[in-house]
Amino acid sequence: MKIYTQRIEAVTEDQAFETVQLNFDTRQKSRFRATLVSGCDIGADLPRTGILRGGSFIATESGDLLRVDALPERLMCVQASSEFELLKAAYHLGNRHVPLMLTPSALYFEPDHVLAEMVEGLGLMVTEVDHPFEPESGAYAQHAHDHRLSPIKAIHAHAHH
């Protein structure tokens with residue numbers, strides 16, 4: 001079994017790699033086992049330096065590359081008739097410290113009927129969907145992410161004492 005031990009920042013177009021699809025829970029872990037798209041079993045023992053995002057690359061000691069893709073998983077999708085309503089829902093969900101994925105037209109969070117009812121009570125539509133989950137990592141996280149998916153920056157701005 002191959003063991004992947006390194007996070008790779010950049011890969012050139014000519015480098016060969018295999019792929020694995022992982023859910024968000026697994027992508028948060030530094031140690032895990034998984035099955036590649038090709039059917040091979042692998043292990044990972046990575047430095048604890050953050051979450052693997054969809055499109056991240058990891059490597060073995062011998063240089064074998066693996067691209068990590070975000071596996072679609074069951075999520076709650078919040079949609080609104082206006083940007084302000086979506087912003088309002090993001091504020092209320094952020095105030096509850098819910099891992100939340102932001103896009104220009106929808107919010108996504110892990111299934112929770114209490115939170116879904118709260119958002120519906122605000123007048124927004126909530127549906128269950130299968131979608132890759134890439135929640136915001138927080139203002140103090142040290143990673144690069146796609147700003148095109150994150151137009152709302154200051155949703156949860158209150159101090160903790």
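**A first walk through the fold**

Student: What share of the chain's contacts with a separation of 6 or more comes from residues 24 or more positions apart?

Tutor: Residues 24 or more positions apart make up 67% of those contacts. A contact means heavy atoms within 4.5 Å.

Student: What should I know about the model?

Tutor: This is a predicted model, where local features need pLDDT of at least 70, side-chain atom pairs count only at pLDDT 80 or more, and totals for chains, interfaces and linings use all residues. Residues are numbered from 1 along each chain as its sequence is written, and side-chain values use heavy atoms, with hydrogens and water left out.

Student: OK. How many helices and strands are there?

Tutor: Three helices and 10 strands. Both are DSSP runs numbered from the N terminus: helices are H or I with at least four residues, strands are E with at least two. Along the sequence they go β-β-α-β-β-β-β-β-α-β-β-α-β.

Student: How much of the chain is buried?

Tutor: 35% of its 161 residues. Buried is under 20% relative accessible area, exposed is over 50%, and partly exposed lies in between (1.4 Å probe, protein chains only).

Student: And what about the surface?

Tutor: The chain exposes about 9,800 Å². Carbon and sulfur atoms supply 51% of that. The areas come from the Shrake-Rupley method with a 1.4 Å probe, and for residues only the protein chains shown count as cover.

Student: Let's do strands. Which residues of β5 are buried?

Tutor: Ser56, Ile58 and Thr60 point one way, Phe57 and Ala59 the other, and all are buried. Five of the five residues of β5 are buried, so β5 is largely enclosed by the rest of the structure.

Student: Which strands does β5 pair with?

Tutor: β5 (residues 56–60) pairs antiparallel with β6 over four bridges. β1 (residues 2–8) also pairs antiparallel with β5, again over four bridges. To count as paired, two strands need at least two bridges found by DSSP.

Student: Is β6 mostly enclosed or open?

Tutor: Enclosed: five of the six residues of β6 (residues 65–70) are buried, so the rest of the structure largely surrounds it. β2 (residues 18–22) pairs with β6 in the parallel sense, over five bridges. There, Gln21 stands opposite Asp69.

Student: New topic. What is the order of the open sheet?

Tutor: β8-β9-β7-β10, four strands with antiparallel pairing. β8 and β10 (125–132) are the edge strands, each pairing on one side only.

Student: How are β7 and β9 joined?

Tutor: By three bridges, running antiparallel. Tyr108 in β9 is the bridge partner of Cys77. Helix α2 packs on this sheet, touching β7, β8 and β9, and its direction makes about 25° with that of β9. Such angles run from 0 to 180 degrees between N-to-C directions, with axes fitted to C-alpha atoms, for helices over the stretch in contact.

Student: How long is α2?

Tutor: α2 (residues 83–94) has 12 residues and reaches 16 Å from first C-alpha to last, close to the 16 Å expected. The expected span is 1.5 Å times one less than the number of residues.

Student: Which residues of α2 are buried?

Tutor: Leu86, Ala89, Ala90, Leu93 and Gly94. They cover an arc of only 130° around the axis, which puts them on the same side of α2. The arc is that of the directions from the helix axis to the C-beta atoms. These residues pack against β7 (72–79), β8 (101–102), β9 (107–109) and α3 (113–121).

Student: And α3?

Tutor: α3 lies across β7, β9 and β10, at about 130° to β10. Its Leu115, Ala116 and Val119 are buried. Those buried residues fall within an arc of 100°, so they line one face of α3. They pack against β7, α2, β9 and β10.

Student: What is exposed on the other side of α3?

Tutor: His113, Val114, Glu117 and Gly121.
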